[in-house]
Amino acid sequence: MTLANATEPGRVATHVDISDVVLRYGDITAVDRVSFEVRPGEIMALVGPSGCGKTSLLKSIAGLEPIDFGHISFDGNRIDAVAPHRRNVGMVFQNYALFPHKRVRENIAFGLRMHGIADPGGKRVADVLKLLHIGHLAEVWPDQLSGGQQQRVALARTLVLEPKVLLLDEPLSALDRQLRDDMRTELRMLAKTVGITTIIVTHDQDEAMAMADRVAVMRHGKLEQIGRPEDLYNAPETAFVAGFVGRINHFRAVCAGAEDEGVTARFPSGAELHLPFKGTLPAKGAALDILARSEAISVLAEGKGHITATVRDSHFMGSFVELLLDTEAGDPTRIACRPADDLPEPGQSCQLHLASPGVFAFAA
Ligand SMILES: Nc1ncnc2c1ncn2[C@@H]1O[C@H](COP(=O)(O)OP(=O)(O)OP(=O)(O)O)[C@@H](O)[C@H]1O
């Protein structure tokens, strides 16, 4: 792969294989037997709550932290014992760490010099400046750049080395909301144009879903689930994933029966709903967590639903109305509804009707 032929077909991107990786800091196991592959040219997002081990895993791929067990391979060749500077991995951190006393062009060229890579006529630097649309900033000092421009220079400085794998650690967290939304589209298009295998760490689930081909959800150092954003959203394997990827509403129910890989959930109102269930089926009477996407819930002003609720507050949000509801079967629930004249008002009671897809049952 070269930057000059970045858009040419037939370039070969790197296949990354993470196998049974364990990374410990003393007594803390930051990464606990994690295995997954990143396909050539794929963008993989690592997501999960603070402290779940995302950055540690990224650092182990870069060689900044040694692993205690397992192996990491690029195209079938183990790299976990290879020195960081020989792995040919590009890493961009959330603080871009540009050299303040070097102009943009020198910031980008510096890495080439450090790696002993000749750049006759400055062609490689010129190509990457063009790729990142920052040619006009070549002679500018870092402190004259906006956050988004600094981000581009940091990426240029990494990509000019033509790494096999691009690792991004919260790359957009220093930017304001609007710029983040723009940059995540741009970053995805850039990675796809260059065709580089990319792993991005973020705790912004929207960012992960918008940028990645697949998302790996981590929790307590372990991989909880990995899949395309739509798979995680539509078929979460645990309550944690259901709640972490996309917004979800929680309700309580009990198991009124279990058969054929499904359970019948009985709500406090007495209404029942049959739902698919993964894993060992619960006993009759066992407590269930019912998680439902907003779009799987209909608000009925009258008639019979599964859950009785009272409207606490209502907000007009433009394309939808957000109802904040108190229910007999769960925490206060926020539901996005299509604006309609017959939506219940604050203080009024209503019925919630749940319908799959978008409703999941888990053991409580
Ligand atoms: N250098 C270190 N020394 C000791 N413990 C560490 C070190 N770096 C990370 N940890 C611990 O390892 C665990 C995983 O940390 P890590 O930074 O990988 O998580 P993370 O998911 O990236 O979190 P965040 O989103 O907050 O950055 C945490 O318990 C953290 O306190």
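Reader: Which elements each supply at least two residues of the shell around the ligand?
Author: In this predicted model, they are β2 (28-38) and α1 (54-62).

Reader: And which element gives the most to that shell?
Author: That is α1, with three residues.

Reader: Which residues are around the ligand, then?
Author: They are Tyr 25, Ile 28, Ala 30, Gly 48, Ser 50, Gly 51, Cys 52, Gly 53, Lys 54, Thr 55, Ser 56 and His 203. By class, the shell has four nonpolar, seven polar and one charged residues.

Reader: Staying with α1, how many of its residues are buried?
Author: Eight of the nine residues of α1 are buried, which leaves this helix mostly covered. The buried ones are Lys 54, Thr 55, Ser 56, Leu 57, Leu 58, Lys 59, Ser 60 and Ile 61.

Reader: What comes just after α1?
Author: Gly 63 comes there, with a positive phi of about 90°.

Reader: Which residues have a positive phi although they are not glycine?
Author: Glu 162 is one of them, with a phi of about 50°. Glu 162 lies in the loop between α4 (147-159) and β7 (165-169). Another is Glu 261, whose phi is about 55°. Glu 261 is found in the loop between β11 (249-259) and β12 (262-266).

Reader: Why does Glu 162 count as partly exposed?
Author: Glu 162 counts as partly exposed because it has 18 C-beta neighbours inside 10 Å. A residue needs 20 or more to be buried, and 12 or fewer to be exposed.

Reader: And Glu 261, with 10 C-beta neighbours inside 10 Å: buried or exposed?
Author: Glu 261 counts as exposed, because it has 10 such neighbours.

Reader: A change of topic: where is there a cis peptide bond?
Author: The bond from Ser 356 to Pro 357 is cis, with omega near 0°. Pro 357 is found in the loop between β19 (349-354) and β20 (359-363).

Reader: What domains does the assignment give for the protein chain?
Author: The assignment gives domain 1 (16-239) and domain 2 (248-363). Their centres, taken over C-alpha atoms, are separated by 39 Å.

Reader: How many residues does the contact take from domain 1 and from domain 2?
Author: The contact takes five residues from domain 1 and six residues from domain 2. By class, the side of domain 1 that touches domain 2 has two nonpolar, two polar and one charged residues.

Reader: What does the UniProt annotation say about residues 16-245?
Author: The UniProt record, an unreviewed entry, annotates residues 16-245 as "domain: ABC transporter". In the model, that span is 34% helix and 26% strand, and its end C-alpha atoms lie 24 Å apart.

Reader: Lastly, how many helices and strands are there in the protein chain?
Author: The protein chain has eight helices and 20 strands. Its C-alpha trace spans about 75 × 45 × 40 Å along its principal axes. Of its 364 residues, 39% count as buried.

Reader: And what share of the contacts between residues at least 6 apart in sequence join residues at least 24 apart?
Author: In the protein chain, 66% of those contacts do.

Key. Residues are numbered from 1 along each chain as its sequence is written. This is a predicted model: local features need pLDDT of at least 70, side-chain atom pairs count only at pLDDT 80 or more; totals for chains, interfaces and linings use all residues. Helices (H or I, at least four residues) and strands (E, at least two) are DSSP runs, numbered from the N terminus. Domain bounds come from an automatic or database domain assignment. Two residues are in contact if their C-beta atoms, placed from the backbone, lie within 7 Å. Ala, Val, Leu, Ile, Met, Phe, Trp, Tyr, Cys and Pro count as nonpolar, Asp, Glu, Lys and Arg as charged, and the others, Gly among them, as polar. A residue is near a molecule or strand if its C-beta atom, placed from the backbone, lies within 6 Å of it. UniProt positions are given in the numbering used here, feature names are shortened, and annotations may be inferred rather than shown by experiment.
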